[in-house]
Amino acid sequence: MKILFLGDVVGRPGRRALADLVPAYREAEGVDLVLANAENAAGGSGLTLKIAEEIRSCGVDAMTLGDHVWKQRGFDQDIQKLSRVCRPANLPPGNPGREFVVLEADGFRLAVFTVLGRQFMNLKVDCPYRTADRIMSELDGKADGVIAEIHAEATSEKIAMGWHLDGRATAIVGTHTHVQTADGRVLPKGSAYLTDLGMSGPHDSVIGRDKDAVLSSFMDSRARRFAVAGEDVRLCGCVIELDKSTGNAQSIETVQLTA
Ligand SMILES: [Fe+2]
Ligand SMILES: [Fe+2]
């Protein structure tokens, strides 16, 4: 069984690439399920009901979010209507939205959830490792395989999550940095691991935004509007192959799709 997981979809350029590339890739590569992090899908920050539906229609089965989860007004209400979207599971109690999504393909139940890291991140959240343990036990008997995402800045925090869930999750993958890493591997107990999926959006940019504006702000320390960039659009992520009888990963390969 093959799963495609795409990193942070950025703005309209990212969404357009999903529509242009995902249906054909699914078909050509025999992908069973497609996941995507959609935390930057609406104007570069957050998600809306309408945009979530648009992304679903591109052949994305489920979406995760990140630290930008509540950036779009009204999404804290609208998320309740989206059965295929989950918010970070370690947001403190009182946050709306699902903590995980369970999909089914070919009789196999695959769950996905995400947790936020705590190093160099703005949101104050519960322990990602203990939260992952809690979600794994909630999924016991509900899923045959689990894809755990850690949305974090620090590579150390992400690698530690890989070891924490090795042998329990089908795969542990990172998001948030928007830069794809080259460390994909299957860990000793059978979980696939990758530190960052990368960004599904414009790469002629600084992590998705207008490069001149970001560079100028770094140089003069003045705030600016960072428009979503538009060129060199790539969908970045990975393909995980899993053994349906065990739920373990067989392989993980990074992908970068361009039109
Ligand atoms: Fe992001
Ligand atoms: Fe993020």
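Author: Helices (H or I, at least four residues) and strands (E, at least two) are DSSP runs, numbered from the N terminus. With that rule, Tyr193 lies in strand β10.

Reader: What kind of model is this, and how are its parts labelled?

Author: This is a predicted model, where local features need pLDDT of at least 70, side-chain atom pairs count only at pLDDT 80 or more, and totals for chains, interfaces and linings use all residues. Residues are numbered from 1 along each chain as its sequence is written, while chains are lettered from A and ligands numbered from 1 in the order in which they are written.

Reader: How many helices and strands are there in the protein?

Author: The protein has six helices and 13 strands. Its radius of gyration, taken over C-alpha atoms, is set against the globule rule, 2.2 Å times the number of residues to the power 0.38. The value is 17 Å, close to the 18 Å that the rule gives for 259 residues, so the protein is as compact as a globular protein of that length.

Reader: Is Tyr193 buried or exposed?

Author: Count C-beta atoms, placed from the backbone: a residue is buried if 20 or more others lie within 10 Å of its own, exposed if 12 or fewer, and partly exposed in between. Tyr193 has 25 other C-beta atoms within 10 Å, so it is buried. Of the 259 residues of the protein, 49% count as buried.

Reader: Which residues does Tyr193 touch?

Author: A contact means that two C-beta atoms, placed from the backbone, lie within 7 Å. Leaving out residues up to four places away in sequence, Tyr193 touches Gly162, Ala171, Ile172, Arg185 and Leu187.

Reader: What is the strand order in the open sheet of six strands?

Author: Strands of a sheet pair through backbone hydrogen bonds, either parallel or antiparallel. Here two strands pair if DSSP finds at least two bridges between them. The order is β5-β6-β7-β8-β10-β9, with mixed pairing. β5 (101-105) and β9 (185-186) stand at the edges with a single partner strand each, so one side of each has no neighbour in the sheet. β9 and β10 (residues 192-194) are antiparallel, over two bridges. There, Val186 has Ala192 in β10 as its bridge partner.

Reader: Which way do the residues of β7 point?

Author: In a regular strand the side chains alternate between the two faces of the sheet. From β7, Gly145, Ile147, Glu149 and His151 point one way, and Val146, Ala148 and Ile150 the other way; all are buried.

Reader: How is β7 joined to β6 and β8?

Author: β6 and β7 run parallel, joined by seven bridges. Thr114 stands opposite Glu149 in β7. β7 also pairs with β8 (residues 171-175), in the parallel sense over five bridges. Here His151 has Thr175 in β8 as its bridge partner.

Reader: What hand does the unit of β6, α4 and β7 have?

Author: Point the strands away from you: a crossover is right-handed if the path from the first strand over the helix to the second runs clockwise. β6, α4 and β7 make a right-handed β-α-β unit. The chain then crosses from β7 through helix α5 (residues 155-165) to β8, and this crossover is right-handed.

Reader: What is the phi of Phe120?

Author: Most residues other than glycine have a negative phi, and most peptide bonds are trans. Phe120 has a positive phi of about 55°. This residue sits in the loop between β6 and α4. Phe120 has 10 C-beta neighbours inside 10 Å, so it counts as exposed. Asp232 also has a positive phi, near 55°. Its place is the loop between α6 (211-220) and β12 (233-242).
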